[in-house]
Amino acid sequence: MDIQMHLYTISEVKRFIREKDYEGLKKYIEEREKQVRAYQEEDKSGDYIEDLVSKLT
């Protein structure tokens, strides 16, 4: 993932902790987990397709 996205995630977690919004933090973490898993699946699909193309050429 992009370094800027990681830095943004860290800053958001810090903000939730600073504001003591633990319920919001919990929701944010759950949503980020879904986003990261989706990104990971897209990345795996892309790698698989690239591998198939390289084998065909």
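Trainee: What pLDDT do side-chain atom pairs need before they count?
Mentor: Residues are numbered from 1 along each chain as its sequence is written, and side-chain values use heavy atoms, with hydrogens and water left out. As the model is predicted, totals for chains, interfaces and linings use all residues, local features need pLDDT of at least 70, and side-chain atom pairs need pLDDT 80 or more.

Trainee: Which residues does T9 touch, leaving out those up to four places away in sequence?
Mentor: Contact here is heavy atoms within 4.5 Å. Separately, a polar atom of the T9 side chain lies 3.0 Å from the backbone oxygen of M5. With residues up to four places away set aside, the ones T9 touches are Y28 and R32.

Trainee: How many helices and strands does the protein have?
Mentor: Helices (H or I, at least four residues) and strands (E, at least two) are DSSP runs, numbered from the N terminus. Helix α1 takes in residues 3-18, and helix α2 takes in residues 22-56. The count for the protein is two helices and zero strands.

Trainee: What share of the residues counts as buried?
Mentor: Start with the surface: the protein exposes about 5,000 Å², and carbon and sulfur atoms supply 57% of that. Those areas come from the Shrake-Rupley method with a 1.4 Å probe, and for residues only the protein chains shown count as cover. Of the 57 residues, the buried share is 12%.

Trainee: How many salt bridges turn up in a search of the whole structure?
Mentor: The test is a side-chain nitrogen of Lys or Arg within 4 Å of a carboxyl oxygen of Asp or Glu. E12 pairs with R15 at 2.8 Å between the closest N and O atoms, and E19 pairs with R15 at 3.4 Å. R37 and E33 also meet, at 2.9 Å from N to O. The search total is three.

Trainee: Which residues are linked in a network of salt bridges?
Mentor: R15 is bridged to E12 and to E19. The linked residues are E12, R15 and E19.

Trainee: How many residues apart are R37 and E33?
Mentor: Both belong to helix α2, with about one turn of the helix between them. E33 counts as partly exposed at 41% relative accessibility. Their separation is four residues.

Trainee: Which residues make up the nonpolar patch on the surface?
Mentor: Patches take residues with over 30% relative accessible area and no salt bridge, joining like charges within 9 Å and nonpolar side chains (Val, Leu, Ile, Met, Phe, Trp, Tyr) within 5 Å. I10, in helix α1, is partly exposed at 47%. Together the patch has about 290 Å² of accessible area, and its members are I3, L7 and I10.

Trainee: How many aromatic pairs are there, and which residues form a tilted one?
Mentor: Rings of Phe, Tyr and Trp (its six-membered ring) pair if their centres lie within 6.5 Å; planes under 30 degrees apart are stacked, over 60 edge-to-face and the rest tilted. The search of the whole structure finds one pair, at 5.5 Å centre to centre with 35 degrees between the planes, formed by F16 and Y28.

Trainee: Which helices does that pair link?
Mentor: F16 and Y28 are both buried. They are twelve residues apart and belong to distant parts of the chain, namely helix α1 for F16 and, for Y28, helix α2.

Trainee: What is the phi of K20?
Mentor: Most residues other than glycine have a negative phi. K20 lies in the loop between α1 and α2 and counts as exposed at 61% relative accessibility. K20 is not a glycine, yet its phi is positive, at about 55 degrees.

Methods. Buried means under 20% relative accessible area, exposed over 50%, partly exposed in between (1.4 Å probe, protein chains only). A polar contact is a pair of N or O atoms within 3.5 Å; within protein, one must be able to donate a hydrogen and the other to accept it, and residues adjacent in sequence count only if both atoms are side-chain atoms.
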